[in-house]
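Open the model in your viewer and keep the selection tool at hand. The stops below go from the whole chain to single pairs of side chains.

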Amino acid sequence: MKKFLIAILLLILILAGVASFAYYKMTEFVKTPVNAQADQLLTIERGTTGSKLAALFEQEKLIDDGKLLPYLLKLKPELNKIKAGTYSLKGVKTLQDLLDIINSGKEAQFSVKFIEGKTFKEWRKNLENAPHLKQTLQGKSDKEIMALLDIPAIAKAVYEWNNMDGWLYPDTYNYTPNSTDLELLKRSTTRLQKALDKAWNERDENLPLADPYQMLILASIVEKETGIAAERPQVASVFINRLRANMKLQTDPTVIYGMGESYTGNIRKKDLETITPYNTYMIEGLPPTPIAMVSESALQAVAHPAKTDFYYFVADGNGGHKFTRNLNEHNKAVQEYLRWYRSQKNAK
């Protein structure tokens with residue numbers, strides 16, 4: 001009996017020693033350095049087991065030998081809550097760091113910036129150059145993209161003119177790897193629709209605008225006329241006053257938009273006299289579509305224009321504009337600007 005008890009005790013000691021050694025090995029194993037690059041991404045598929053994870057780490061040359069990994073995950077189940085996704089390995093130094101990241105579920109984030117005042121053609125270039133964004137729209141026409149985005153019927157001119165300008169919300173959009181360009185545009189369209197609905201529903205009374213789409217068109221003109229947010233309600237007031245008085249809008253950005261690729265930096269007299277759907281020196285009222293993507297600031301300026309008796313404005317030479325009530329005042333303001341411009345030119 002005594003020998004039996006001694007044997008049992010020895011076995012217990014041996015097992016305890018083995019367990020202690022195994023725990024030590026695992027504790028040291030999680031400190032294993034990882035060969036990760038700052039810009040490296042790692043994709044974990046759904047249902048990845050410990051042995052598959054070990055093989056993946058070896059395949060990606062993150063660690064040299066992963067045979068202990070399945071045992072580590074069994075010994076420390078808190079490290080085995082692995083979530084599928086694509087992860088950035090920036091800052092990963094050890095196996096512990098790596099396991100912490102893929103257990104966190106915090107996937108790598110990228111972003112693309114859409115700037116107000118730009119066109120959909122320019123935005124598409126940003127989309128195509130966005131890193132790790134799945135491209136599903138390449139080769140598709142604007143009309144095909146419009147159908148995929150399911151733009152509301154209120155924007156009939158969008159389809160008639162095959163024109164996406166104005167119907168997306170400018171902002172910086174974050175996304176995870178393998179998100180699609182269409183998903184990102186849907187987010188942008190949804191936000192624009194909400195902003196437009198809000199502006200239309202809360203607009204001042206008796207605005208000379210027939211529907212939300214006309215508000216969007218005018219907001220795009222305000223967006224292109226000034227980059228100063230505080231000035232936009234006054235700019236909007238000029239165009240609202242002109243619409244009420246049945247005056248032509250006579251705004252250069254629409255002329256430029258209508259010229260398309262033929263615009264080289266200058267508007268000539270013959271350009272102002274050439275009839276296009278966007279030449280507001282020739283047509284009555286608003287052009288048929290927006291001419292750029294609009295900020296919420298521009299939308300709100302049109303929804304709540306300043307109460308003024310201004311019908312004209314011209315650059316003041318300091319980045320803003322001088323607003324005037326009649327053609328005589330406007331002509332004087334133009335002469336002031338021209339004198340300022342010539343003095344600046346002569347000073348160089």
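**The whole chain**

Start with the surface display: the chain exposes about 19400 Å², and carbon and sulfur atoms supply 53% of that area. Keep in mind that this is a predicted model.

Switch to the cartoon display, where the chain shows 14 helices and 6 strands. Of its 348 residues, 41% count as buried. Among contacts between residues at least 6 apart in sequence, 63% join residues at least 24 apart.

**Helix H5**

Select residues 120-129, which form helix H5. Which residues of H5 are buried? They are Phe120, Trp123, Arg124 and Leu127. These residues lie on the same side of H5, because they cover an arc of only 105° around the axis. An α-helix has 3.6 residues a turn, so residues three or four places apart point the same way.

Now turn to the face of H5 directed away from its buried side; the exposed residues Lys121, Lys125 and Asn129 are found there.

**Salt bridges**

How many salt bridges does a search of the whole structure find? The search finds 11.

Select lysine 248 and glutamate 284. Their closest N and O atoms are 3.1 Å apart, and the two form a salt bridge. Lysine 248 sits in the loop between helix H10 (232-244) and helix H11 (252-259), and glutamate 284 in the loop between helix H12 (269-273) and helix H13 (296-303), so the pair ties together parts that are 36 residues apart in sequence. Lysine 248 has a relative accessibility of 26% and counts as partly exposed, while glutamate 284, at 54%, counts as exposed. The cut-off between these two classes is 50%.

Next, select glutamate 202 and lysine 198. Their side chains meet in a salt bridge of 3.2 Å, N to O. Glutamate 202 is partly exposed, with a relative accessible area of 42%; lysine 198 is also partly exposed, at 41%.

Last, select glutamate 329 and arginine 325, which form a salt bridge with their closest N and O atoms 2.7 Å apart. Is glutamate 329 buried or partly exposed? With a relative accessible area of 23%, glutamate 329 is partly exposed, because buried means under 20%. Arginine 325 is partly exposed too, with a relative accessible area of 45%.

Terms used:
Residues numbered from 1 in each chain as written. Predicted model: local features only at pLDDT ≥ 70, side-chain atom pairs only at ≥ 80, totals over all residues. Heavy atoms only, no water. Helix = DSSP H or I, 4+ residues; strand = E, 2+ residues; numbered from the N terminus. Buried < 20%, exposed > 50% of the residue type's maximum accessible area, 1.4 Å probe, protein only. Contact = heavy atoms within 4.5 Å. Areas by Shrake-Rupley, 256 points an atom, 1.4 Å probe, with all protein chains shown as cover. Arc of directions from axis to C-beta. Salt bridge = Lys/Arg side-chain N within 4 Å of Asp/Glu carboxyl O.
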